[in-house]
Amino acid sequence: MSASEASDLRDGPALDEAVTRARLEHTWRRPEGLWGWLVTVDHKEIGRRYIATALGFFALSGLLALTMRLQLALPESHLVGPDLYGQLFSMHGSAMMFLFAVPVMEAVAIYVVPLMCGTRNIAFPRLVAFSYWIYLCGGLFFFISFAGNTGADRGWFAYVPLSGPEYSPGKRVDTWAQMITFTEVAALAVSVALIVTILKQRAPGMSLDRMPLYLWAILVTSFMVLFAMPAVMLASSFLIMDRLIDTHFFNQAEGGSALLFQHLFWFFGHPEVYIIFIPALGFVSSIVATFARRPVFGHLPMVLALIATGILGFGLWVHHMFATGLPRLGNGFFTAASIMIAIPSGVQIFCWLATLWDGRPVFKTPLLYVLGFVFIFVLGGLTGVMVASVPLDLQVHDTYFVVAHFHYVLIGGAVFPLLGALHYHFPKITGRMPGERLGRLGFLLTFVGFNLAFFPMHILGLSGMPRRVYTYPSGLGWDGMNLLATIGAFTLAAGFLVFFLNLLLSLRRGAPAGDNPWGASTLEWATSSPPPVHAFAHVPLVRSREPLWEERESLPVVTGLRVDAREVLVTATVTAEPRVREPSPEPAIWPLLTALATTGLFIGSIYTPWAVVWGTVPVAVTLIGWFWPTKREQRKEKATEHAPGLAEAGA
Amino acid sequence: MRQRFVHDVSGLPDHDFGSDSIVWWGTLGFVAIEGMGFVLAVAVYFYLMREVPSWPPGSIAPPGLIYGSLFTGVLLVSALPNHWAKRAAERYRRRGSLLGMGGVVLLGIGLLVLRGFEFTVLHVRWDTNAYGSIVWTLLGLHTLHLGTDVADTAVLLALFLTDRDPPQRRYTDVSENADYWWFVLLAWLPIFAVVYLVPRLG
């Protein structure tokens, strides 16, 4: 192919801007209709879908929580019995952790990360599509099982021996264990795609030291997923093997160990908290910088704090097991590590406060959620330092004090920043501005409702109310606090309702947003709202940490990517110099088919171990279909190939 | 926002080997995940070892060495065709890639047969006790990776056999597939030591 022939296929000064956009639109769009919906590999579409699905599971799990609060509003209530109550709290905890909190953070990242990197699509988009389908299948399976009276009922961590074959006949624990497998496969796949996108597809010039804090947060989180999630996959697989094919991992009588389950579970379970929390820190940094109108104070300490949190997060798991009688000296180590993690958290809190202090803060809804986060999370952190010490932990273990603590950390530390981030990214995703008045009302209700619901639980725990009881007798001094908590829970739910109602209304009635309505500094705001399918007509070139604040007049861009074939720019890991024009995959049905085949295998394995053997056949067939290039792809690749050795000659 | 053109990337290649290939990074990511799985499974082995007075527990004999050693030998030999495949691929040589991958697939099938025999001389079933469970799991986990990579390599081989003039990008797949085989190979050595040698120490 001659140079002149090639040049008219690429963006640049030689190609008319309108033609460029039209060609890119044509190249990157998916087929119309239902088929197109099933085969899409556009990270923006998958990200939106992932967010909506996670919020759906959030609503379902929230309804379970409201049912529990109704039951506990009055002493000796008979609204639900002990068996259903066991399913309610187990489903609520499991679904909130595995089907909402982790997936929703990854979902937002799937949407935002490629745009913030300035690239046209995420790395491995088919893998991300697969991740969505497998997540959807796993979540539906979990809730359909619950509807069929096979809901998880052994708590969100399903400790053995209670969850083992002897004490939990039936299929309830198996559905829990396989739900874990579904969601872990989904999370691991997305994490690989996010890591590679962040390390290899950043806009040219966005060297690691110019990378926005949100991308750092997602990078650290994704690495944590890689190293933490295999532990819970082992834990849940060993559990299901003990139950179904008579292995003895956790069977004390045959040389197994019940405590081993707890080690494996919490080796994942504690990092899990940070896997949920660190993306939220990323949201906070984005929002604080944008609304304080200045870069986040102390960029380097912030990055180091994120990395330190990620590493320390792996050294805390035993603090969930202080009540198991482990050696005292070992507990001392984990106490120290648990208290130590307050240092990077504190560094970040003070850096944000300094940013707000020095900036000119604009108190829009997203920033309100961030302030709510600071208040609630600091309280959760304080009780965290308290329960990190063994004597206090032994006193309040398995009481409502712990319930209060982790809701302060998780709702304050993750859900508040998430709501802020959803409000913040809404104009980019939809092209419409979210309403400010309803937004503020939503914030007020969630903030007041949250504290009303969960603050009393500290006191309930200190006055001895155990968690996971389906009712309690009158006269123990718990009645008033429980009623208050229930009122708070409904206020909180009303707040969520107002928040989402506001977004739904704004979808139709909101003012047009424009490219950068908040005046933010990162690249996702350089393209139109909502972004076109190809995201950027020309890939931006980055020369500072805050590209859109530095380049007021016009944005420098690179040219020379193909407009008649899907291409993304691969850059050097550290310096982000352009290296390769990498073809990006076309839409395909294979991710969905592979997810369905895998779902068949996972669900089948609950009923017969042979499903693992025969189930591999459809999985293998669909995977081969996935990787086998079509004739058209082969021809396309062949026609435009360009070996590395020729790079210098061509340039 | 207005834009100004400052740099042209049209001269860049459409693929590269090693750290400028995104699939290379993806492979590394999955190696990290699966490597972590192996590390944790080995940790479980040692954790369970502490739970009982003798290892293997009771009167169980350590696994027979013959097939495991043979397996290890053949696996080490497979590094040769694997290396050839990688080297040929990085020079865009179809014949060399075919021969290398063919060698890996043939040896891989042999390895799977040997692995079948390994399971017969463990002297313990998975449902005998926790020792049996973890030994079967370690071996099973490695077999899963071995089987997957043999299948992967066979598919790639078929792709090359059906296409006389494959796009250059396809050769990066051969190179990265060879990297993954190295992972399967190197992951085995500590597992061999744990399954076969540790029970002979005490």
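Two strands pair if DSSP finds at least two bridges between them. Helices (H or I, at least four residues) and strands (E, at least two) are themselves DSSP runs, numbered from the N terminus.

A word before the views: this is a predicted model, in which local features need pLDDT of at least 70 and side-chain atom pairs count only at pLDDT 80 or more, while totals for chains, interfaces and linings use all residues. Residues are numbered from 1 along each chain as its sequence is written, and chains are lettered from A and ligands numbered from 1 in the order in which they are written.

View 1. Strands of a sheet pair through backbone hydrogen bonds, either parallel or antiparallel. You can find both kinds here: S1(A) and strand S2 (residues 555–559) of chain A are antiparallel, over 2 bridges, whereas S2(A) and S1(B) are parallel, over 5 bridges. To spot the pairs, look for A:Pro540 with its bridge partner A:Val557 in S2(A), then for A:Leu555 with B:Gln3 in S1(B).

**View 2. Where chain B meets chain A.** Two residues are in contact if their C-beta atoms, placed from the backbone, lie within 7 Å. By that rule, 48 residues of chain B are in contact with 67 residues of chain A. On the chain B side, S1, helix H1 (22–49) and helix H4 (130–162) each supply at least two residues. The largest share, 14 residues, comes from H1(B). That side of chain B divides into 26 nonpolar, 12 polar and 10 charged residues (Ala, Val, Leu, Ile, Met, Phe, Trp, Tyr, Cys and Pro count as nonpolar, Asp, Glu, Lys and Arg as charged, and the others, Gly among them, as polar).

View 3. Strand S3 (residues 567–571) of chain A runs antiparallel to S4(A), and 5 bridges join the two. A:Glu567 stands opposite A:Pro583 in S4(A). The hairpin has 6 residues between the strands, and A:Ala576 takes a positive phi near 60 degrees in it. A residue is buried if 20 or more other C-beta atoms lie within 10 Å of its own, exposed if 12 or fewer, and partly exposed in between, with C-beta atoms placed from the backbone. In strand S4 (residues 578–583) of chain A, 6 of the 6 residues are buried, so the strand is largely enclosed by the rest of the structure.

**View 4. Helix H10 and its cover.** Helix H10 (residues 299–312) of chain A has 14 residues and reaches 20 Å from its first C-alpha to its last, close to the 20 Å expected at 1.5 Å a residue (the expected span is 1.5 Å times one less than the number of residues). Its buried residues include A:Met302, A:Ala305 and A:Leu306. What covers the buried residues of H10(A)? Among the answers are helix H8 (213–244), helix H9 (258–292), helix H11 (328–340) and helix H12 (342–358) of chain A.

**View 5. A glycine inside helix H6.** A:Gly138 is found in helix H6 (residues 125–147) of chain A, and it counts as buried, with 27 C-beta neighbours inside 10 Å. A:Gly138 and A:Met179 sit 41 residues apart in sequence, yet 5.5 Å apart in space, C-alpha to C-alpha. Leaving aside neighbours within four places in sequence, A:Gly138 is in contact with A:Met179, A:Phe182, A:Thr183 and A:Ala186.

View 6. Most residues other than glycine have a negative phi, and most peptide bonds are trans. A:Phe124 has a positive phi of about 50 degrees although it is not a glycine, and A:Arg468 has one of about 65 degrees. A:Phe124 is buried, with 25 C-beta neighbours inside 10 Å, while A:Arg468 is partly exposed, with 14 other C-beta atoms within 10 Å. As for peptide bonds, the one from A:Ser529 to A:Pro530 is cis, with omega near -10 degrees, and the one from B:Trp55 to B:Pro56 is cis, with omega near -5 degrees.
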